[in-house]
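Visitor: I would like to go through the salt bridges of this protein. Could you show me the structure?
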Amino acid sequence: MTAQPATDVFEEHRPLLMGVAYRMLGRVADAEDVVQEAWLRWYHADRDEVREPGAYLVRVTTRLAIDRLRQAQRRAEAYVGPWLPEPYLTEFADTAPDSADRAVLADTVSLAVLVVLESLSPLERAVFVLREAFGYPYAEIATLLERTEPAVRQLAGRARRHVAERRPRYDVEPTRRRELTERFLAAAGEGDLEGLMSLLAPDVRLVGDSGGKAKAPVRVLHTADKVGRFLVGAARNAPAERTYRVLETNGGPALLILADGKPDSLFQVDIADGRITSVYIIRNPDKLRHLATR
């Protein structure tokens with residue numbers, strides 16, 4: 001196999017590999033590093049001995065992500081304030097043309113789910129991602145991870161129960177979510193407390209991630225009153241020279257705020273029963289840098 005066909009095969013599988021790596025790690029830069037390392041291993045492998053390139057690439061990517069995840073979990077102990085995943089620009093048309101499949105992929109890449117996945121062991125997370133996000137059979141996951149099928153089923157059951165117990169409930173219907181998100185962003189941008197209170201659930205929570213590198217709440221805020229008043233205050237203190245860009249990140253609409261042309265904040269919300277149940281604000285500049293040219 002020449003270098004060009006090897007590249008073609010890898011590029012065909014790149015969206016899948018990036019999807020696996022990001023769900024495993026919750027960090028765009030780390031996921032890109034893992035995919036790049038998978039490419040190097042693929043390029044230097046004896047590809048004539050590889051019967052299933054897709055399975056080989058997913059196996060390599062998953063194992064590299066497990067190793068990287070173990071390192072990242074040690075670093076996370078020193079993180080300042082709440083942690084959120086890096087926002088991930090999502091486009092599922094290439095990997096999931098069916099709308100039902102896209103809904104599954106959007107759910108498994110949501111901020112709410114990724115935060116819960118952080119509390120799983122690396123192996124549990126790998127099994128959950130491969131099974132729930134991409135529908136791999138248990139037998140194939142067992143081969144990929146070099147585990148027995150009963151062991152994989154046990155890991156999957158434990159991970160599924162853990163996620164179900166801790167995942168906040170939210171609606172993923174895209175049209176309704178976009179409509180309420182746009183109303184929320186308009187009210188928040190204008191500092192409209194009355195408008196915000198009409199949209200926030202009574203037990204809404206606000207999670208701000210700055211990593212200690214920008215102003216954001218160092219604890220999760222709870223209740224509509226506290227969240228609404230914080231957002232009004234934030235609107236009053238926002239940079240004068242700011243612009244806005246609407247993106248799709250982690251399977252849903254988000255608002256990117258730029259100050260002097262540089263990413264300053266990213267807002268995203270979860271919605272259930274017609275009310276906003278979670279507000280996420282990412283202000284850590286390291287997590288927004290890759291959005292600068294989008």
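This is a predicted model: local features need pLDDT of at least 70, side-chain atom pairs count only at pLDDT 80 or more; totals for chains, interfaces and linings use all residues.

Visitor: What does arginine 63 pair with?
Guide: Arginine 63 forms a salt bridge with glutamate 146, and their closest N and O atoms are 3.1 Å apart. The pair links distant parts of the chain, 83 residues apart: arginine 63 lies in helix α3, and glutamate 146 in the loop between α7 and α8.

Visitor: Is arginine 63 buried, exposed or partly exposed, and why?
Guide: Arginine 63 counts as partly exposed because its relative accessibility is 30%. Glutamate 146, at 60% relative accessibility, counts as exposed.

Visitor: Which salt bridge does arginine 158 form?
Guide: The side chain of arginine 158 meets that of glutamate 124, at 2.6 Å from N to O. This pair also joins distant parts of the chain, with arginine 158 in helix α8 and glutamate 124 in helix α6, 34 residues apart.

Visitor: And glutamate 124, buried or exposed?
Guide: Glutamate 124 is buried, with a relative accessible area of 11%, under the 20% cut-off. Arginine 158 is partly exposed, at 36%.

Visitor: Where do arginine 153 and glutamate 149 lie?
Guide: Both are in helix α8, four residues apart, which is about one turn of the helix. Arginine 153 is partly exposed at 44%, and glutamate 149 is partly exposed at 31%.

Key: Residues are numbered from 1 along each chain as its sequence is written. Side-chain values use heavy atoms; hydrogens and water are left out. A salt bridge is a side-chain nitrogen of Lys or Arg within 4 Å of a carboxyl oxygen of Asp or Glu. Helices (H or I, at least four residues) and strands (E, at least two) are DSSP runs, numbered from the N terminus. Buried means under 20% relative accessible area, exposed over 50%, partly exposed in between (1.4 Å probe, protein chains only).
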